[in-house]
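Colleague: I'm new to this one and would like to learn how to read it. Could you walk me through it?

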Amino acid sequence: MTGGIAAYKTADLVSSLVQRGDEVVVAMTDAAQRFVGATTFSSLTGREVLTSQWSSHEGLTSPHVHFATWCQCMLIAPCTMDMLAQLATGRTNDPVALLVGAIDRSTTPVLLSPSMNATMLSQPATQRNIDVLRKDGFTIIEPSEGWQACRTDGDGRMPEPTQLAAAIDESLSR
Ligand SMILES: Cc1cc2nc3c(=O)[nH]c(=O)nc-3n(C[C@H](O)[C@H](O)[C@H](O)COP(=O)(O)O)c2cc1C
């Protein structure tokens, strides 16, 4: 998870994935934790939340390497404008980007759900980064249109949890 206003919807997604029997580990950037607390996600998943690349996690010294090979699929939702820029340039400056950097995407899909206000989404830099990431083999989940936290209607809403769960299923079935 990264620091977007749609982070509250990710709690619902995680809860529904856990209820259907999936094992979920959550990693959060510092900004993500300003929107929803890590305690929410450790309670929902029954697992520690990865909040720093520097602290040991569940007794693991390199959790990013462990979870990169453990997971069948990674989803970043919400995925900020800032995270798109990081990933498009291969930077690994926080626990979420570092985890992506350690994943072999030829075997493990990484899905991105870009979520931001319509102007941020339409910026040439954002559109360029999305194009680069698609070419690099990331799965981009198209943002939907509608009410935004900036109190206007526009493109850039994070899709609903059921749609994100369906995107995970589709990518795993492929
Ligand atoms: C109230 C508020 C809401 C924000 N919502 C979003 C958002 O929905 N999408 C986005 O890309 N950035 C949003 N931002 C900006 C990011 O939080 C900021 O760029 C942050 O540095 C992202 O860090 P991260 O990518 O490491 O999580 C918001 C900032 C604030 C203060």
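Colleague: Which handedness does the crossing of α1 and α9 have?

Modeller: Before that, some ground rules. This is a predicted model, where local features need pLDDT of at least 70 and side-chain atom pairs count only at pLDDT 80 or more, while totals for chains, interfaces and linings use all residues. Residues are numbered from 1 along each chain as its sequence is written. Helices (H or I, at least four residues) and strands (E, at least two) are DSSP runs, numbered from the N terminus. A crossing is left-handed if the near helix is turned anticlockwise from the far one by less than a right angle, and right-handed if clockwise. Here, α1 crosses α9 in the right-handed sense.

Colleague: At what angle do helix α1 and helix α9 pack?

Modeller: The general idea is that two packed helices are described by the angle between their axes and the distance between the axes. Axes are lines fitted to C-alpha atoms, for helices over the stretch in contact, and angles run from 0 to 180 degrees between N-to-C directions. For α1 (residues 7-19) and α9 (residues 161-173) the angle is about 55°, and the axes are 9 Å apart. That makes α1 oblique to α9; angles under 35 degrees count as roughly parallel, over 145 as roughly antiparallel, 65 to 115 as roughly perpendicular and the rest as oblique.

Colleague: Which residues make that contact?

Modeller: From α1 come Lys9, Asp12, Leu13, Ser16 and Leu17, and from α9 come Pro161, Leu164 and Ala165 (contact means C-beta atoms, placed from the backbone, within 7 Å). By class there are five nonpolar, one polar and two charged residues. Ala, Val, Leu, Ile, Met, Phe, Trp, Tyr, Cys and Pro count as nonpolar, Asp, Glu, Lys and Arg as charged, and the others, Gly among them, as polar.

Colleague: Let me try another pair. How far apart are the axes of α4 and α6?

Modeller: They are 8 Å apart, and α4 packs on helix α6 (residues 95-102) at about 55°. So α4 is oblique to α6, and their crossing is right-handed. His64, Val65, Phe67 and Ala68 of α4 meet Pro95, Leu98, Leu99 and Ala102 of α6. That contact has seven nonpolar residues, one polar and no charged.

Colleague: On to strands. In what order do the three strands of the open sheet lie?

Modeller: Two strands count as paired if DSSP finds at least two bridges between them. In this sheet the order is β1-β2-β3, with parallel pairing. β1 (74-79) and β3 (139-140) are the edge strands, each pairing on one side only. Four bridges link β1 to β2 (residues 110-114), and Ile76 has Leu112 as its bridge partner in β2. While you're in β1, look at Pro78: a cis peptide bond joins Ala77 to Pro78, with omega about 0°.

Colleague: Do β4 and β5 run parallel or antiparallel?

Modeller: Antiparallel, with four bridges between β4 (residues 144-147) and β5 (residues 153-157). Ser144, for one, is bridged to Arg157 in β5. Their hairpin has five residues between the strands, and Arg151 there takes a positive phi near 70°.

Colleague: Last one: which residues come nearest to the ligand?

Modeller: Thr2, Gly3, Gly4, Ala31 and Thr80 do, out of 17 residues around the ligand (near means a C-beta atom, placed from the backbone, within 6 Å). α5 gives the largest share of that shell, three residues. The shell has nine nonpolar, six polar and two charged residues.

Terms used
Two residues are in contact if their C-beta atoms, placed from the backbone, lie within 7 Å.
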